Amino acid sequence: LDPLTYTPELTKLSEDRRNAALMEERPKADAYLQRMAEEKGARKTTTGLIYLALEPGTGASPAPDSLVLPNYHGTLRDGTVFDSSRDSEQPVQVMLGMALPCWQQGVAIMKEGGKAKLTCPSALAYLDRGIPNVPPGAAVSFEIELVKIVGQP
């Protein structure tokens, strides 16, 4: 196959498929975000993050560029797990300033030792491009336990 001939066609085919998936997902994501915003105790920020405290923490809140140790469980709107640290039995190290915008905003609200559910519109998560196991335009949720703040600036 001649790459000069077929690469543009394959690129267009891929973009068309992504756009079709995006158009199918967007109204479902919007309905999911609305439902999550209506949960008792949930609060929606001006950026669209939906924050629901599950257990209050007693420690400090992380700074925007803190190194944190969270345990987390990420799910799609239908409950499908797309990522989780629960299986490893160890929290992961995350530079908060390098995390998804959803995490940067939501984890900054938490206190050490607390647990929260963050429901993220695609603009704060994986955008319109998606990632493997997360469709383009998908809203996602993370249950996060902020185990420890390792380093504060």
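**Chat: strands, salt bridges and buried side chains**

3 bridges hold strand 3 (residues 67-76) and strand 4 (residues 81-84) together, and the two run antiparallel.

Student: OK, that's a pair to start with. Which residue stands opposite Asp 83 in strand 4?

Tutor: Gly 74 does. Keep in mind that this is a predicted model.

Student: Noted. How many residues sit between strand 3 and strand 4 in the hairpin?

Tutor: There are 4 residues between them, and Gly 79 in the turn has a positive phi of about 90°.

Student: Zooming out, how many helices and strands does the chain have?

Tutor: The chain has 2 helices and 7 strands. Along the sequence they follow the pattern α-β-β-β-β-β-α-β-β.

Student: And what box do the C-alpha atoms fill?

Tutor: Roughly 60 × 35 × 30 Å, along the principal axes. The chain has 153 residues, of which 39% count as buried. Of the contacts with a separation of 6 or more, 70% are between residues 24 or more positions apart.

Student: Let's do electrostatics. How many salt bridges are there?

Tutor: The count is 7. One of them is between Glu 25 and Arg 77, with the closest N and O atoms 2.8 Å apart. This pair links distant parts of the chain: Glu 25 is in helix 1, Arg 77 is in the loop between strand 3 and strand 4, and they are 52 residues apart.

Student: Is Glu 25 buried or exposed?

Tutor: Glu 25 counts as buried because its relative accessibility is 8%, under the 20% cut-off. Arg 77 has a relative accessible area of 29%, so it is partly exposed.

Student: What else is Glu 25 in contact with, leaving aside its neighbours within four places in sequence?

Tutor: Besides Arg 77, there's Pro 135, Pro 136, Gly 137 and Ala 138.

Student: Which residue does Asp 16 meet in a salt bridge?

Tutor: That's Lys 12, at 2.8 Å from N to O. Asp 16 and Lys 12 both lie in helix 1, 4 residues apart, which is about one turn of the helix. Asp 16 is partly exposed at 38% relative accessible area, and Lys 12 is partly exposed too, at 49%.

Student: And which residue forms a salt bridge with Lys 115?

Tutor: Glu 55, with the closest N and O atoms 3.8 Å apart. Here too the pair links distant parts of the chain, 60 residues apart: Glu 55 is in strand 2 (residues 50-55) and Lys 115 is in strand 6.

Terms used:
Residues are numbered from 1 along each chain as its sequence is written. This is a predicted model: local features need pLDDT of at least 70, side-chain atom pairs count only at pLDDT 80 or more; totals for chains, interfaces and linings use all residues. Side-chain values use heavy atoms; hydrogens and water are left out. Two strands pair if DSSP finds at least two bridges between them. Buried means under 20% relative accessible area, exposed over 50%, partly exposed in between (1.4 Å probe, protein chains only). Contact means heavy atoms within 4.5 Å. A salt bridge is a side-chain nitrogen of Lys or Arg within 4 Å of a carboxyl oxygen of Asp or Glu.
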